[in-house]
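Subject: Structure handover

Hello,

Here is the structure we spoke about. My notes follow below it.

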Amino acid sequence: MTDLAAVKAALRTQAVETPSWAYGNSGTRFKVFAQEGVPRTPQEKLEDAAKVHEFTGVAPTVALHIPWDRVDDFGALGKFAEDHGLKLGAINSNTFQDDDYRLGSVCHPDATVRRKALDHLLECVDIMDATGSADLKLWFADGTNYPGQDDLSARQDRLAEALAAVYERLGDGQRMLLEYKFFEPAFYSTDVPDWGTAYAHCLKLGPKAQVVVDTGHHAPGTNIEFIVATLLREGKLGAFDFNSRFYADDDLMVGAADPFQLFRIMYEVIRGGGFTADVAFMLDQCHNIEAKIPAIIRSVMNVQEATAKALLVDRDALGVAQRDGDVLGANAVVMDAYNTDVRPLLRELREEQGLDPDPIAAYRSSGWQERIVVERAGGQQAGWGA
């Protein structure tokens, strides 16, 4: 029998980091759709993020993307975040939106381009120093489109050299989080295509290098929870980028496409000790057609619900069934937890924390959306490349 008090206690410790870019305009390669009230500055992104935290109670940090969130004084931006009840989270690098990176960044055949990319990564560590951020998140669009375009092994050597230089620059309490993606924008080979490649580089670098699991960065049918369990077992799971996809990397709201998968992932996190370890739970989403702040609130709630269900798994009963070889009985224990409606439990938890039990309704009645539509008229809205 699961202890509901213990479930609530665990849920009170949960934190979900929201991404600054999710508050800006986004779209597909065909069109970016503008919305009224979208932030124009990093400060306005933080104002919106503060509302997400205000109504959910579990979104205290915001990830930045450089250069999209570049400011003259990052220390002042950190103080602005604190004044709004937030802290600045992971610093995300950008080595994919410059003409020089057509053939790659840190894996580029030209040493001059590689140096440019490395300088940017080192600048991101400087920003970490200024903001107090602990995590540098790296995703590389590097790869090739055609057989013979470049030497695959040499590109891995160049990648390892750059990662080693960044690793050496990291200070105490800082770490490097290496993300992987099996295709796009490169279509023949990708330089960090899977968790094994990311793991191999991180293992060679040392304890400050860990792997990021982006839930959208896998081929259909991939058993993501097995990857999670393995990385946890090896002490190399550093963070999640939560989102959903139906086909390829769609960056949809987490839990939208396959909530059962999210539940299975969260169970392995809890079972493997990742819930109490230093594993960062981050959203990495783009809200192209839906309202942004409510979509982020809904995403945070989806993570909470999957976590609550995973915490409800009767691990004692599951262990007995597994030891007895009771296949159906073991599956029934898991399914009983998944099929539990945890929304009343979460509403009760929010009330105990002094929050509105319905974060979406609370946001809609707050008047914030109507206010920012008026106050943010004019200027250049934030979005890709801004």
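By class, the lining of the largest cavity in this predicted model has five nonpolar, three polar and three charged residues. Ala, Val, Leu, Ile, Met, Phe, Trp, Tyr, Cys and Pro count as nonpolar, Asp, Glu, Lys and Arg as charged, and the others, Gly among them, as polar. The lining residues are Tyr23, Gln35, Glu36, Gly37, Val38, Pro39, Asp48, Lys292, Ile293, Gln369 and Ile372. Helix 9 (292–311) and helix 14 (368–375) each supply at least two residues of that lining. Helices (H or I, at least four residues) and strands (E, at least two) are DSSP runs, numbered from the N terminus.

The volume of the largest cavity is about 80 Å³, and there are two cavities of 30 Å³ or more. On a 1 Å grid over the protein atoms alone, a cavity is a set of points where a 1.4 Å probe fits but cannot get out, and a pocket is an open set with protein on both sides within 12 Å along at least five of seven lines; lining residues have an atom within 4 Å of a point. Grid points are joined across faces, edges and corners, and a volume is the space filled by probe spheres set on the points.

On numbering and confidence: residues are numbered from 1 along each chain as its sequence is written. Since this is a predicted model, local features need pLDDT of at least 70 and side-chain atom pairs count only at pLDDT 80 or more, while totals for chains, interfaces and linings use all residues; side-chain values use heavy atoms, with hydrogens and water left out.

The largest pocket has a volume of about 1,300 Å³. It is lined by 42 residues, and those closest to its centre are Phe96, Trp139, Lys181, Glu184 and Pro185. Strand 6 (135–138) and strand 7 (143–144) each give at least two residues to this lining, which divides into 12 nonpolar, 15 polar and 15 charged residues.

Pro185 is in the loop between strand 8 (175–179) and strand 9 (189–190), and Glu184 lies in the loop between strand 8 and strand 9. Phi of Glu184 is near 75°, a positive value in a residue other than glycine.

The second largest pocket has a volume of about 600 Å³. Of its 31 lining residues, Glu17, Thr61, Asp135, Asp278 and Ala280 lie nearest the centre. Helix 3 (74–83), strand 5 (87–92), helix 4 (111–131) and strand 12 (280–283) each supply at least two lining residues; helix 3 gives the most, with five. The lining of the second largest pocket has 14 nonpolar, 10 polar and seven charged residues.

Another cis peptide bond joins Ile66 and Pro67, with omega of about 15°. Pro67 is found in the loop between strand 4 (61–65) and helix 3.

Packing around helix 9

Which residues of helix 2 meet helix 9? They are Asp48, Val52 and Thr56, and they meet Ile293, Ile296, Ile297, Val300 and Gln304 in helix 9, where contact means heavy atoms within 4.5 Å. By class, this contact has five nonpolar, two polar and one charged residues. The axes of helix 2 (residues 42–56) and helix 9 come within 10 Å and cross at roughly 40°. Axes are lines fitted to C-alpha atoms, for helices over the stretch in contact, and angles run from 0 to 180 degrees between N-to-C directions. Helix 2 and helix 9 are therefore oblique to each other; angles under 35 degrees count as roughly parallel, over 145 as roughly antiparallel, 65 to 115 as roughly perpendicular and the rest as oblique.

The axes of helix 9 and helix 13 (residues 359–366) come within 9 Å and cross at roughly 160°, which means that helix 9 is roughly antiparallel to helix 13. Ile293, Pro294, Ile297, Arg298 and Met301 of helix 9 make the contact with Pro359, Ile360 and Tyr363 of helix 13. These residues divide into seven nonpolar, no polar and one charged.

Helix 9 and helix 12 (residues 343–352) have axes that come within 10 Å and cross at roughly 110°, so the two are roughly perpendicular to each other. Here Met301, Gln304 and Glu305 in helix 9 meet Arg343, Leu346 and Arg350 in helix 12. By class, that contact has two nonpolar, one polar and three charged residues.

Regards
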